[in-house]
Amino acid sequence: MYPRANVGPSGEKPFTEYSRWRLVVNDGGRHTWRYLRTDEECKAWPQNEVDKYWLGLETGLPDLPPAKDAFEAARNGYEFYKHLQSHDGHWPGEYGGPMFLLPGLVIGSYIAGMTFKEEERLEMIRYLFNRAHPEDGGWGIHVEGVSTCFGTGLNYVALRVLGVDADHPVCVKARACLHKLGGAAAIPAWGKFWLSLLNVYDWEGNNPVPPELWLLPDWLPIHPHRWWIHTRTVYVPMSYLYGIRYTFPENDLVRELRQELYTQDYYSIYWPDQRNNVCSVDLYSPHSKLFDALAVVLSAYEQCTIPPLRAAAVKKAYDLIIYEDENTDYQTLGPVSKMFNLVARAHAEGPESHAYKMHEIKRQDFMWMGEDGLRMCGTNGSQLWDLGFITQALVETGLAKLDENRESLIKALEWLDEAQIRDNPKHYHTSYRHTTKGAWGFSTKEQGYTVSDCTGEGLKATMYLQHHLDFTPKLISDRRMFDAIDVLLTMQNPSGGYASYELVRGPKWLEWLNPAEVFGDIMIEYLYPECTTSVITSLAIFRKIYPDYRSRDIERTIQGAIKYLHEAQKPEGGWVGSWGICFTYATQFALESLSLVGETYETSNYSRRACEFLIGKQRTDGGWGESYKSCELGAWVEHENSQVVQTCWAVMALMYAKYPHGEPIERAVHLVMSRQLPNGSWPQEAIEGIFNKTCAIAYPNFKFSFPIWMLGKAHQYLKELRAENGVASGHANDKSNGKAGGIMNGYKH
Ligand SMILES: CC(C)=CCC[C@@H](C)[C@H]1CC[C@@]2(C)C3=C(CC[C@]12C)[C@@]1(C)CC[C@H](O)C(C)(C)[C@@H]1CC3
């Protein structure tokens with residue numbers, strides 16, 4: 001255990017001095033938080049608005065003249081948000097939400113022999129205190145979810161490793177909650193795995209994670225290179241660590257935890273029976289019969305592994321770990337693989353190795369200090385994603401043309417220029433990677449993974465900034481634009497849709513082998529309306545500027561994508577979102593796509609049904625609000641309150657569809673304006689994002705980009721609608737629709 005933490009009973013008040021934290025932004029958008037220990041340092045490096053905002057301190061930004069209309073509200077919004085832009089041109093932000101990541105950071109660091117700065121350690125403890133559910137003392141899979149065995153078991157261990165006593169009131173309450181949920185014996189597979197590494201759960205209690213799968217021929221449908229990239233990238237170090245049965249040496253903490261985590265005596269547990277013991281609250285994807293059968297066979301194999309085969313398999317897994325580390329400069333694809341890779345490298349190469357030191361440094365990129373303490377983020381940031389939306393919003397609303405915003409847009413373009421990936425990975429085919437040359441990723445260039453929609457949004461932002469504004473330098477050459485197009489054209493699936501990082505490589509039945517009971521649809525890539533739209537809208541804008549480059553391929557791609565979108569529409573009229581919550585998110589994207597090919601409320605049944613669906617969900621206050629539970633169920637679940645961000649998505653969707661009735665849009669505009677604070681910002685509401693069906697994730701920058709975008713657009717849209725119809729009617733005839741849409745989509749089509 002790290003040194004004993006002498007902390008009070010609650011995390012309400014900071015455990016450190018908030019005036020001493022600074023966000024360091026460097027190297028193409030890396031975020032790391034530093035604590036300044038001396039007054040001299042603080043004086044020499046004052047806190048700026050970015051630091052203050054994200055720490056929840058008063059920014060000191062002034063109240064603005066009250067907005068008289070939607071455009072002024074958007075302008076005020078950007079007047080505030082501009083101050084949150086970093087010196088390098090992007091908008092940093094928190095990317096928290098999942099509650100199963102911090103334990104990986106803590107347990108992984110501990111067993112690898114890495115420490116934390118004292119202030120980091122204290123604020124991690126505080127974060128966990130603040131996020132424990134007041135009613136039962138447990139934690140969920142994400143910040144808004146009910147207490148689960150996964151969340152409670154892992155975070156309890158994290159607190160103990162961080163130095164909190166077992167009889168601290170937070171631990172006492174959490175332990176009671178854990179025991180109610182069945183104790184750590186009932187923790188889901190990924191929890192069992194972390195606890196086994198720490199030596200507080202027996203390896204015999206895990207279903208096998210054999211590295212030998214990596215030795216199978218690549219053409220086999222089950223070969224792991226066909227799995228969804230996140231699942232396989234986590235499986236690589238897991239299979240290595242399982243293959244060698246890495247076990248942390250027993251010490252006092254280990255012995256204590258063995259006593260604390262279980263409802264029965266640790267030494268009397270029959271471990272093989274615990275392999276499929278998973279708390280019912282956690283269970284989202286129960287094991288299939290195929291999985292259970294395979295687990296039996298593989299467990300038998302574990303009794304008689306063939307040593308040279310195991311050695312070769314372990315070596316192959318370790319090579320893949322090295323490739324991944326080197327391809328991403330030790331960021332790795334995401335936070336789970338990050339910490340498993342770190343443990344593997346630390347074990348194999350020791351604390352003096354380069355790999356150890358690099359992993360130790362790059363842990364920082366996932367650690368984010370917020371007003372409630374220090375959390376671990378879902379990625380090393382959402383840099384490109386946030387920049388992509390706000391820059392497009394500024395151009396489409398006309399805010400980009402205001403002198404006051406020029407500098408900030410030039411900076412944003414400079415960041416985009418830096419962030420485009422210029423080459424394929426160092427280890428390319430050997431690590432089963434998709435091409436990256438010309439792509440943009442979700443966070444930084446260093447992380448280095450192509451994401452279809454991030455490339456689409458990055459390209460759109462670049463084209464808007466370079467081609468729709470006359471004051472920006474042309475930093476990104478035509479050739480580099482073509483590279484981006486080339487990547488995108490490699491990513492379309494035969495049925496027309498786009499997945500996230502790669503083509504769909506494996507058969508659907510691989511989902512029957514999903515070992516992680518807490519997530520859904522994780523074994524292969526799937527097609528997403530969101531990703532598909534970002535790609536084809538970027539292609540459509542591109543072909544206006546470069547009509548001669550691969551125009552036939554582009555046309556074919558767009559047509560194929562529209563076909564997919566038609567097929568993906570739900571009978572009720574909406575599309576299910578996989579990365580944002582939920583129907584409002586995906587329907588916004590889908591209707592944008594349909595509008596590209598002239599499918600609008602008036603001209604297309606698909607579009608009209610979607611608009612009717614959305615209108616049916618508008619609440620009496622003019623807003624929309626859906627719960628993250630919509631994503632779990634694939635069916636609309638109302639949120640208790642209407643949500644600004646979702647309201648903006650819904651209105652954007654209606655505007656893409658050229659919805660002819662102004663009144664619902666006006667009501668929504670009114671709601672979003674009424675929630676704006678005097679300084680131009682919006683308060684944080686419910687969590688915005690989701691992944692793998694069950695885990696919500698925060699996109700706090702959305703509360704700026706989407707209101708600014710929607711308000712600026714709606715201002716113009718409603719003006720057009722009114723002008724065409726005479727103020728009173730609020731209805732549009734065919735001619736006026738064409739015109740309103742023409743202006744609104746002027747930048748796009
Ligand atoms: C189960 C595991 C491995 C957990 C680690 C978390 C990752 C899987 C999550 C965290 C952030 C995350 C939701 C993300 C995505 C995939 C899954 C991620 C990386 C992508 C890139 C998929 C495509 C999406 O359109 C979008 C770009 C929004 C997201 C961004 C974040």
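**Note on a salt bridge and the ligand site**

1. Arg121 forms a salt bridge with Glu118, with 3.0 Å between the closest N and O atoms; the term requires a side-chain nitrogen of Lys or Arg within 4 Å of a carboxyl oxygen of Asp or Glu. Both residues lie in helix α5 (residues 118-131), three residues apart, about one turn of the helix. The structure holds 53 salt bridges.

2. The model is predicted: local features need pLDDT of at least 70 and side-chain atom pairs pLDDT 80 or more, while totals for chains, interfaces and linings use all residues. Numbering runs from 1 along each chain as its sequence is written, and side-chain values use heavy atoms, without hydrogens and water.

3. The ligand is surrounded by 23 residues (a heavy atom within 4 Å); Tyr95, His230, Phe442, Asp453 and Trp579 are the closest. A polar side-chain atom of Asp453 lies 2.2 Å from a ligand oxygen atom. Of the 620 Å² that the ligand exposes when taken alone, the protein buries 99% (Shrake-Rupley method, 1.4 Å probe).

4. Helices α9 (229-243) and α17 (452-467) each supply at least two residues of the shell around the ligand (helices are DSSP runs, H or I, of at least four residues).

How values were computed: Polar contact = N/O pair within 3.5 Å; in protein donor to acceptor, adjacent residues only side chain to side chain.
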